[in-house]
Amino acid sequence: MVIGRARLIRDRCLVREGCSVCIERCPEGALALIFGRTIRVSKRKCTGCGGCRHVCPAKPNAMSIEPLNG
């Protein structure tokens, strides 16, 4: 069931430092590394489960979950 969508807050993301934990832990395979510089969230695959947000080591968190209905 789709409950929302993940959104990357790029200036907080640690992917340029080699972090990819959110990609590895996404149960839907909705996250992809783009040119080693950013992460793309697949709107088609993302269910908004929050797994990526939960494992993100960035402080403050680089992933947010936006509900589908407001």
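Figure 1. Count up the charges and you get 13 positive and 5 negative side chains, with the centres of the two sets 4 Å apart. Keep in mind that this is a predicted model. The protein exposes about 4,800 Å² in total, and carbon and sulfur atoms supply 50% of that area.

**Figure 2. The overall fold, from end to end.** There are two helices and four strands here, and reading along the sequence gives the pattern β-α-β-β-α-β. The C-alpha trace spans about 35 × 20 × 15 Å along its principal axes. For 70 residues, a compact globule would have a radius of gyration near 11 Å, and the protein agrees with that because its own value is 11 Å. Of those 70 residues, 37% count as buried. As for how the chain meets itself, take the contacts between residues at least 6 apart in sequence: 58% of them join residues at least 24 apart.

**Figure 3. Inside the largest nonpolar core.** This core has 16 residues, and Leu31, Ile39 and Met63 are the ones that touch the most other members. Strands β1 (4-8) and β3 each supply at least two residues of the core. Zoom in on Met63 and, leaving aside neighbours within four places in sequence, its contacts include Ala6, Arg7 and Leu8. Met63 is also in contact with Leu31 and Val41, and with Cys52, Arg53 and Cys56.

Figure 4. Helix α2 covers 51-55 and strand β4 covers 63-67, and Asn61 sits in the loop between them. Pro60 belongs to the loop between α2 and β4 too. The peptide bond from Lys59 to Pro60 is cis, with omega near -5°. That's worth a look because most peptide bonds are trans. Is Asn61 buried or exposed? Asn61 counts as buried, because its relative accessibility is 15% and the cut-off for buried is under 20%. Beyond its neighbours within four places in sequence, Asn61 is in contact with Ile9, Arg12, Arg53 and Cys56.

**Figure 5. Phe35 and its positive phi.** Phe35 is in the loop between β2 (31-34) and β3 (38-41). Its phi is positive, at about 50°, although Phe35 is not a glycine. Most residues other than glycine have a negative phi. Phe35 counts as exposed because its relative accessibility is 77%, and exposed means over 50%.

Figure 6. Start with Arg53, which lies in helix α2. With a relative accessible area of 41%, Arg53 is partly exposed. Not counting residues up to four places away in sequence, Arg53 touches Asn61, Met63, Ser64 and Ile65. Arg53 and Glu66 are 13 residues apart along the chain, and their C-alpha atoms are separated by 11 Å. His54 is found in helix α2 as well, and it counts as exposed at 68% relative accessibility. How far apart in space are His54 and Ser64, C-alpha to C-alpha? The distance is 9.6 Å, for a pair 10 residues apart in sequence.

Terms used:
Residues numbered from 1 in each chain as written. Predicted model: local features only at pLDDT ≥ 70, side-chain atom pairs only at ≥ 80, totals over all residues. Heavy atoms only, no water. Buried < 20%, exposed > 50% of the residue type's maximum accessible area, 1.4 Å probe, protein only. Contact = heavy atoms within 4.5 Å. Core = buried A, V, L, I, M, F, W, Y, C linked by side-chain atoms within 4.5 Å. Rg over C-alpha atoms; globule rule 2.2 N^0.38 Å. Areas by Shrake-Rupley, 256 points an atom, 1.4 Å probe, with all protein chains shown as cover. Lys, Arg positive; Asp, Glu negative; His and termini not counted. Charge placed at Lys NZ, Arg CZ, Asp CG, Glu CD.
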